[in-house]
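The following exercises concern a single protein chain.

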Amino acid sequence: MLTGAITRCILSCERRGVQCARADLLRLLRCNFSAVLRGDEFCLYNTPGRTRTADHALRRRVLYPTELPGLKSTEMVSVERMRRALKRGLCEGAIHEFSAMERLTVHRPEVPSESIPPPSARSGRSLMSQHSNSRLCGRAVVLFAATLLPFMGSVIQAACAQGATCSGDIDRDGTVGARDLTVLLGAWGPCGAPVCPADLTGDGVVNGVDLSTLFVRWGPCAPTLQLSMPANGPVGGGTTLTITGQLLAQATSVSIGGVQATDLTVIDAETIKVVTPSGTAGLKNVSVTTPGGTATLSNAFRYANPTWFTVIEQSPDPAVITDDALRTKIAATGFPWRIKDNASGIEMLAVPSGTFMMGCSPSNAWGCTTNESPVHEVTLTNTTYVGRFEVTQAQWQARMGSNPSYYQPANGFSNEPNRPVESLNYFAIQPFLTSTGLRLLTEAEWEFACRAGTTTAFHSGPGFPNGTSNDALLSVIAWGPGSTGTPQVVGTKAANALGMHDMLGNVFEWVKDWWGNYPSTPQTNPTGPSQGTKGIRLLRGGAHSNFEPLDGFPARSSARQLFFAEYGSPNIGFRVARTP
């Protein structure tokens, strides 16, 4: 049988450490290709120069080349010439295309196909050129399918559309080649097992359609990429980038934003590492090239300009960020965990991107207001630096030259410059933000940072690492109603899982958004309504005093407070953010 002959050829070649001679396989495959595509058995080959009558009939058969450029509709092309050209790629580790369709010898039906000289006998460029899988889906193959075997056009296009899936790689060694051909021919016919790897089309039969799909995919498989981390790094380069995916063992180059990376190290077939080159600020594509093609992750790496901050700690402190997964996620951003803003001296922590459910989380004693519903999915796509503490009186005065706070010595209170600055309306904060390059958090950013992975009424604290809805535990993490009645020095209550202090107490915090009802659909980087209603903006968190909330109990992660932007209060301060 032909299957056994091909298998013996392949195994013999592999034992000798060489590829099968093209002539050997072409001799074995010299049969009615049309019959193969119909799912019929291969014709047998017994002696050189002898084939079944069907093959001779095929070689005398011609088709009108209705879509071949450069050919008149009255001219005809030998099917045998096309079939012979298609098979040239076998056992050479590459698929070929018709790179010069106009060079096909055109002849009349009365001229025997045997009179056409072989490619080696003609001068000029060969009809065929080595071609990667990615280019195989181009004009030549589509024309071939449409002209030679119209019913195969959809099959070939479907195989091309699968791209990086490399459907012909039956043995999953990263290459569609002789071994895969052997397996396919050995499984010819109806599939008897629940899973039939050689059935590339999934129709329950291994036949000529599967064989043609394998031919289309012949050669090295293109890689696939899944993740590139860290997601950010300085514009000067030098960041060690870990890239994961499949079929990466033969990676030859990696580029970041079109610029070649250095120090390519292959860890295994699924992991490689490189060092980023210098670049310009912004999102860049990450591309990996192998002999099988190039795979790209769009906007997978961001170059950042770090001149506005000074690094305090590069990696998260396990004593502060106690969750291993969260530390890993922060480190994967590529940004330092803890920094100091150079313009204001404010300490800030990196908050990685993520998705959470925003909205109503009642406590045991307090329910939610209508403003907190519906609960909806929110995705934040950027790493954000958030102030570890509320902005203090000392930080405000150092930048602005005055102290607007009510709780200060001028009003009979002790000198505590590290209390939060307060008594500022929304508009009074803007000059400080403009002069430092900082901004307020959006409402979604604030809730995401406050929750730090929890879904309960209150964020985590000592003894309740997953958060809590027990109102009696609020005093562990927040200065709220029933406390001393004055704002306290920032950071004197326990932090949440991200290391943020006073998110649920001390003073209310202005956020950037105008007030508006929540949408019910998933949101990405929401910023609230584009304009306000009656000048109402939003406050988040709780306050130090027995301040009567407008609606419900305010010191919950989901609680929203409406307040007129033009008014300030001794209970209202703010926290800053910046996107690197």
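The model is predicted: local features need pLDDT of at least 70, side-chain atom pairs count only at pLDDT 80 or more, and totals for chains, interfaces and linings use all residues. Residues are numbered from 1 along each chain as its sequence is written, and side-chain values use heavy atoms, with hydrogens and water left out.

**Exercise 1. Overall description**

Task: State how many helices and strands the protein chain has, and what percentage of its residues count as buried.

Solution. Step 1: the protein chain contains 14 helices and 31 strands; helices (H or I, at least four residues) and strands (E, at least two) are DSSP runs, numbered from the N terminus. Step 2: 51% of the 580 residues count as buried, where buried means under 20% relative accessible area, exposed over 50%, and partly exposed in between (1.4 Å probe, protein chains only). Step 3: among contacts with a separation of 6 or more, 68% are between residues 24 or more positions apart; contact means heavy atoms within 4.5 Å.

**Exercise 2. The surroundings of E347**

Task: Determine whether E347 is buried or exposed, and which side chains make polar contacts with its side chain.

Solution. Step 1: E347 is found in strand β21 (residues 347-351) and is buried, at a relative accessible area of 15%. Step 2: neighbours within four places in sequence aside, E347 is in contact with I312, R338, I339, V386, G387, R388 and F389. Step 3: the E347 side chain makes polar contacts with the side chains of R338 (2.5 Å) and R388 (2.7 Å). A polar contact is a pair of N or O atoms within 3.5 Å; within protein, one must be able to donate a hydrogen and the other to accept it, and residues adjacent in sequence count only if both atoms are side-chain atoms. Step 4: R388 also forms a salt bridge with E347, that is, a side-chain nitrogen of Lys or Arg within 4 Å of a carboxyl oxygen of Asp or Glu. Step 5: R388 lies in the loop between β24 (384-387) and α12 (393-400), 41 residues from E347, and is buried at 11% relative accessibility.

**Exercise 3. The salt bridges of R540**

Task: Identify which residues are linked with R540 in a network of salt bridges.

Solution. Step 1: R540 forms a salt bridge with E443, the closest N and O atoms being 3.1 Å apart. R540 is in strand β28 (residues 536-540) and E443 in helix α14 (residues 443-451), 97 residues apart. Step 2: R540 also forms a salt bridge with E447, with the closest N and O atoms 2.8 Å apart. E447 lies in helix α14, so this pair ties together parts 93 residues apart in sequence. Step 3: R540 is buried at 0% relative accessible area, E443 at 3%, and both R540 and E447 are buried. Step 4: the network links E443, E447, R451, R540 and R560.
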